[in-house]
Amino acid sequence: MANAKGQGVEGDLLVVLRHGPHGTSWLREGLDAALVAAAFGRRVTLLFMGEGVTALVPGQKSGPLGQKGTSPTIEMLEMYDIDTLLVEADALARFGLQAEELMLSATAVEATELSVLATTHSLVLTF
């Protein structure tokens, strides 16, 4: 499996983000974990699954009850050298999204490829 740059999708840490940008703190916590790991030199891959793909929709604002949006954190990923972003293809279709519409470049991953990701990373965290 290769990412958008044609490189193998392997790394130290795979962070699976399954929650949308509002309603819980899971997405924010997963992004924070990824940033900390990258700051300490880990190679990080982010996989947005289920509602998590909605975190990459551009133009998001604060959530209900004043919850801060996650867009500023997502925009910082490149600064931390987190450039391998994957999105679940089925989730994109479920939400009527195309990978090209997302705020950052991400590679769509088919369901058959998802199980391989866990074996190509030394550590997997799910949020």
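**Contacts, strands and cores**

Author: Residues 24 or more positions apart account for 75% of the chain's contacts with a separation of 6 or more, where contact means heavy atoms within 4.5 Å. This is a predicted model, in which local features need pLDDT of at least 70 and side-chain atom pairs count only at pLDDT 80 or more, while totals for chains, interfaces and linings use all residues. Residues are numbered from 1 along each chain as its sequence is written, and side-chain values use heavy atoms, with hydrogens and water left out.

Reader: OK, and how many helices and strands are in the chain?

Author: Four helices and five strands, in the order β-α-β-α-β-α-β-α-β from the N terminus. Both kinds are DSSP runs numbered from the N terminus: helices are H or I with at least four residues, strands are E with at least two.

Reader: What share of the 127 residues is buried?

Author: 43%. Buried means under 20% relative accessible area, exposed is over 50%, and partly exposed is in between, using a 1.4 Å probe and protein chains only.

Reader: Why is strand β2 largely enclosed by the rest of the structure?

Author: β2 covers residues 44-48, and five of the five are buried, so the strand is largely enclosed. Both faces are covered, with V44, L46 and F48 on one side and T45 and L47 on the other.

Reader: Which strand do four bridges join to β2?

Author: β3, residues 84-88, and the two run parallel. Strands pair if DSSP finds at least two bridges between them. F48, for one, has V87 in β3 as its bridge partner.

Reader: Switching to the core: which residues have the most contacts inside the largest one?

Author: V44, L46, F48 and I82, in a nonpolar core of 27 residues. Such a core is a set of buried Ala, Val, Leu, Ile, Met, Phe, Trp, Tyr and Cys residues joined through side-chain atoms within 4.5 Å. β1 (11-17), α1 (26-39), β2, β3 and α3 (89-94) each supply at least two of its residues, and α1 gives the largest share, six.

Reader: And what is I82 in contact with?

Author: Leaving aside neighbours within four places in sequence, A34, L35, A38, V44, L46 and L77. There's also a second, separate core of eight residues, including V16, L47, M49 and L117.

Reader: Last one: where does D90 lie?

Author: D90 lies in helix α3, and at 41% relative accessibility D90 counts as partly exposed. D90 and A108 are 18 residues apart in sequence and 8.8 Å apart in space, C-alpha to C-alpha.
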